[in-house]
Amino acid sequence: MAETVCEICFGTTRFWREIASYQHFRCLTCGHLQVFPRPSQDEIDAFYQKGEYYDQAETQRERLIQDAHARLALLESLIAKAGLEKKILDVGCASGIFLSVACQRGWDAYGVERSERTAERATAIVGNKVTVGVLENIVVPGMPFPVVTAWEVLEHAINSRSFFRALALNVSDGGLLSVSTPLSNGLPAKILGTRYPMLMPPEHLSLFTHRSLGLLARECGLEEVDYRSFSNLHAESLASGFCQLFSGKRLDQAGQLAKIVYGSLGFVSAWLPQLVDALGYGTEMQVVFRKGVPPQKSP
């Protein structure tokens, strides 16, 4: 199959690459990148039932805590201007790292998590305020919320439109929805091509552009109030990326001379991701939307 229909704008997509036996198609209109055909729900459930998937977050705990403080600081400034209550729902809350930081900062924090095992950790933090299940199939107690967040979740959804609509449904009128997701047309994605680390099916099924995410948001009655990109790249990760790009090997598999060369490249180019992020073309994007625009009909 050389063509299919874009899941976001319904425009024509063209076959781009096959990665790990999954075919990726890019939309000719909005640039959206999607896996087609989608894996079955049973295949996805089997993937996420692997315990090690959720354990990966614990290895990045310090960075995730720093990210949570930065994200909550931004949201606090926005709700202060909008006169919103300091109450938040984090969808895909995993083990509750973000919820924990939110509680520390005085938020009334709730969560949704599909993995019962992982939700137990979050429940230990906020008690019975964590709901287990798939967002599209449940009614979250206390909804709608003045603030809803979904950090690195949207790209996992089998049906991006249904999931995003469920997010919007849980936002109160005038409230905020903040999401982060890989950027499919940022500079790292363009340079790395098939080696772009965000291409990881069946974990990531949809990679958005700023435009395709905006189309989906406006369809759900949301308007953008803040946009920024981020890469979380430092000298060590850049060195590893250069090694993978030029040699096809991980840095720990390279020889001593190669480690020195790629390590030096990573060190001298550490400023570059900051510039790319400032221009809005980093590895991922973080967007805050406000609910209040009249919903548009699907094309």
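Here are a few questions about this model, with their answers.

Guide: Welcome! This is a predicted model, where local features need pLDDT of at least 70, side-chain atom pairs count only at pLDDT 80 or more, and totals for chains, interfaces and linings use all residues. Residues are numbered from 1 along each chain as its sequence is written, and side-chain values use heavy atoms, leaving out hydrogens and water.

Visitor: Why are α3 and α4 called oblique to each other?

Guide: Helices here are DSSP runs of H or I with at least four residues, and strands are runs of E with at least two, numbered from the N terminus. The axes of α3 (residues 61–82) and α4 (residues 97–104) cross at roughly 50°. Angles under 35 degrees count as roughly parallel, over 145 as roughly antiparallel, 65 to 115 as roughly perpendicular and the rest as oblique, so α3 and α4 are oblique.

Visitor: What makes the contact between α3 and α4?

Guide: Contact means heavy atoms within 4.5 Å. Among the residues making it are L64, I65 and A68 of α3 and I97, F98 and V101 of α4.

Visitor: Why does S21 count as exposed?

Guide: Buried means under 20% relative accessible area, exposed over 50%, and partly exposed in between, using a 1.4 Å probe and protein chains only. S21 has 65% relative accessibility, so S21 counts as exposed. S21 sits in the loop between β2 and β3, and its phi is positive, about 70°, although S21 is not a glycine.

Visitor: Where is A20, and is A20 buried or exposed?

Guide: A20 lies in the loop between β2 (12–19) and β3 (22–27). Its relative accessible area is 53%, so A20 is exposed.

Methods:
Axes are lines fitted to C-alpha atoms, for helices over the stretch in contact, and angles run from 0 to 180 degrees between N-to-C directions.
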